[in-house]
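Here's a quick briefing for anyone opening this structure for the first time. Take a look, then read on.

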Amino acid sequence: MAKIIGLTGGIASGKSTVSNMLKEKGFTVIDADIAAREVVNVGEEAYKKIVQEFGEEILHEDLSINRRKLGEIVFHHEDKRLLLNSIVHPAVRKYMNDKKEEAISAGKKSVILDIPLLFESNLTYLVEKTILVFVEEGIQLKRLMERNQFSESEAKARMSAQMPLKDKISLADAVIDNNGSINETAIQLNKLINCWEMIP
Ligand SMILES: CC(C)(COP(=O)(O)OP(=O)(O)OC[C@H]1O[C@@H](n2cnc3c(N)ncnc32)[C@H](O)[C@@H]1O)[C@@H](O)C(=O)NCCC(=O)NCCS
Ligand SMILES: Nc1ncnc2c1ncn2[C@@H]1O[C@H](COP(=O)(O)OP(=O)(O)OP(=O)(O)O)[C@@H](O)[C@H]1O
């Protein structure tokens, strides 16, 4: 039986950094952010609903979704964010489940589901164990502003749309502290892989 593990954190906490380390070791990682992009490609059901609800002003000239514009709307209006979630999340869950089944059929021993909103959306029933990638709020803010070229208020609006990372600590089976160097993070991940006897 494959071991299904949930990898979570907060925006810019370092999930992709950890997920890339896992992929380099040969693990299968299924990424909810990628799923959320795939299911809103032009012409998909979720795409049509988004255009219906948010209007054509959230589209680029080539008709693809202008994510920056949609982000500005949903991270400043909770009702709009919940509306977007209600359109996108069911399709994301289906996409991830299909990918997971594919990986299991291919004989994978571990499948990692990288889901930023794992706790907020009560999705822990999908996984056996959870790993939290944790950083202090100040570092999270700084890394987010640098990575996305966001102003402080833009970055804070996005962070406020999620459960504070410190509140996720007690909900996770294991915590990787990503406040330090990438190397320190890699060491913690390696220990966890050994401890949980994870095999790709
Ligand atoms: C609002 C959108 C268009 C902004 O796109 P953008 O390319 O700027 O960001 P991206 O999708 O790469 O997300 C970056 C991070 O933002 C955070 N985030 C994204 N959506 C949400 C949300 N609805 N609630 C809280 N945090 C979110 C996550 O930590 C995510 O890792 C996009 O995030 C989106 O469609 N969100 C709704 C779907 C969703 O909940 N995705 C998260 C995983 S399922
Ligand atoms: N230990 C670290 N030291 C310095 N910078 C780091 C460290 N870990 C991650 N970063 C940087 O912080 C930013 C956020 O990391 P990453 O993209 O891995 O986060 P994430 O949780 O996947 O974010 P999101 O869910 O928003 O996509 C990136 O620019 C990354 O290069």
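**Ligand shells and core**

Around ligand 2, the shell splits into four nonpolar, eight polar and four charged residues. Keep in mind that this is a predicted model.

**Around ligand 2**

- In total, 16 residues surround ligand 2, and the closest are Lys 15, Ser 16, Thr 17, Arg 143 and Arg 147.
- Two or more shell residues come from each of helix 1, helix 6 (137-148) and helix 9 (182-195).

**Around ligand 1**

- Ligand 1 has 18 residues around it, with Ile 11, Arg 67, Gly 71, Pro 116 and Ala 161 the closest.
- This shell is made up of 11 nonpolar, three polar and four charged residues.
- At least two residues each come from helix 2, helix 4 (67-74) and helix 5.
- Helix 5 has the largest share, at five residues.

**The nonpolar core**

- The largest nonpolar core counts 37 residues, and those with the most contacts inside it are Ala 36, Val 39, Val 40, Val 88, Val 92, Ile 112 and Leu 113.
- Elements giving two or more residues to this core include strand 1 (3-8), helix 1 (15-24), helix 5 (78-105) and strand 4 (129-134).
- Helix 5 gives the most to this core, again five residues.

How values were computed:
Residues numbered from 1 in each chain as written. Chains lettered and ligands numbered in written order. Predicted model: local features only at pLDDT ≥ 70, side-chain atom pairs only at ≥ 80, totals over all residues. Core = buried A, V, L, I, M, F, W, Y, C linked by C-beta atoms within 7 Å. Buried ≥ 20, exposed ≤ 12 C-beta atoms within 10 Å, placed from the backbone. Helix = DSSP H or I, 4+ residues; strand = E, 2+ residues; numbered from the N terminus. Near = placed C-beta within 6 Å. Nonpolar A, V, L, I, M, F, W, Y, C, P; charged D, E, K, R; others polar.
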